[in-house]
Amino acid sequence: MTFLRPEPGQSIFTLSTPLPVIDEDKLQANITRVQSYMDAHNLAFRPHIKTHKIPALAHQQIQAGAKGINCQKVTEAEVFADAGFQDILITFNILGKEKLERLCALNEKISDLKVVADSKATVDGLAHYFAGKKPLTVLVECDTGGGRCGVQSPEDAVLLAHLIHDSPSLNFGGLLTYPKAHSEPAVEAFFSKTIEALSAHGIACPIVSNGGTPSLFSAHLVPSATEHRAGTYLYSDRAMAGAGHGTLDDCAMHILATVVSRPTPDRAIIDAGSKALTSDLLGMSDYGHIIDYPEASITGLSEEHGTVDLSKIAGKRPEIGDKIRIIPNHTCVVSNLFDFITFHRDGVVTRVETVAARGLVW
């Protein structure tokens, strides 16, 4: 059975739900605001496509001035290479014959592919597999306080950079981090110390890549960085608004849902559960902000049902059949839950885009 796709010209409030809808004007405003900031501070900007997974939106970001794109997995990068993108950075340790085989084919296909590594094991695997082939550019991933992947000290970064630099099948591309939000002094200290040590060893560091949406507008406080990566800024979400990155009114993505039951005066059930809204809480106590009824709270999600507490609403409450708009806690997860995304202006559908890299997580 094929789900009926919306058509341009339809009112979004006539569409079957649950359904994510994107406000075109807010989308473009987010793109313009961030690119203008990066341009003002002479920082290259590299959007992370995991937020949308849609080539048309990445083209929109590039047209606004972005340098290239950031993907998380090889399969995502393949989709965007097929769509004509040439400057792609994959920010994930790539291991295993099957992935390395596909990575090699991708490196032959596009002009500027880059990956990261944070261990000798990863670098050795890349060096071995790319021997005799087109050299691959590798950046050293650094843990500057984010507590995820990355070498743990500037000294470790220099050692790994040497290993990459000395491999005939690899090119040392520079340094990269995904930092803890609002930790610019620590990021700059790590980067500057590493760059100084690399210079002393005669190793150039062409790219210094910082990242993250939460502290995006503090990117200029890391003067060693040459580029910044961010994804969520494009749609924005409740977590980003809560972190001070814009307001709820800047959120371009809304989940359109329908009230399907009113079992009690204080409880509504909507058709958006964990398969339409992310179950991520990210420090919040409920599962999304209901624009039309801000006093209401989405207190629970099962797969197809969302439970809404209406007890704090003093006035009119939603009835069965009413459609409501929800700002999700985490927009990037929502993108991977749907085959297509509907765009609108003033509530009228403008276009529908296939989520081309949906489900590509290996």
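This is a predicted model: local features need pLDDT of at least 70, side-chain atom pairs count only at pLDDT 80 or more; totals for chains, interfaces and linings use all residues.
View 1. A nonpolar core here is a set of buried Ala, Val, Leu, Ile, Met, Phe, Trp, Tyr and Cys residues joined through side-chain atoms within 4.5 Å, and buried means under 20% relative accessible area (1.4 Å probe, protein chains only). Residues are numbered from 1 along each chain as its sequence is written, and side-chain values use heavy atoms, with hydrogens and water left out.

**View 2. An open sheet of eight strands.** The strands run in the order E2-E9-E8-E7-E6-E5-E4-E3, with parallel pairing; strands (E, at least two residues) and helices (H or I, at least four) are DSSP runs numbered from the N terminus, and two strands pair if DSSP finds at least two bridges between them. E2 and E3 are the edge strands, each pairing on one side only. Look for strand E7 (residues 170–177) beside strand E8 (residues 207–211): they pair in the parallel sense over three bridges. Here Gly174 stands opposite Ile207 in E8.

**View 3. Helix H2 and its packing partners.** In helix H2 (residues 55–63), you can find the buried residues Pro55, Leu57, Ala58, Gln60 and Gln61. These buried residues pack against helices H1 (24–40) and H3 (74–82), and against strands E2 (44–47), E3 (69–71), E16 (340–345) and E17 (348–354); contact means heavy atoms within 4.5 Å. After H2 comes Gly65, with a positive phi near 130°.

**View 4. Thr331 in helix H9.** Thr331 belongs to helix H9 (residues 331–335). Is Thr331 buried or exposed? Thr331 is buried, with a relative accessible area of 0%. Leaving aside neighbours within four places in sequence, its contacts are Thr51, Thr232, Tyr235, Ser236, Asp237 and Met253.

**View 5. Ile313 in a loop.** Ile313 lies in the loop between strand E14 (306–309) and strand E15 (323–327). This residue is buried, with a relative accessible area of 6%. Not counting residues up to four places away in sequence, Ile313 touches Tyr293, Glu295, Ala296 and Pro318. Asp266 is 47 residues from Ile313 along the chain, and their C-alpha atoms are separated by 8.8 Å.

How values were computed: Buried means under 20% relative accessible area, exposed over 50%, partly exposed in between (1.4 Å probe, protein chains only).
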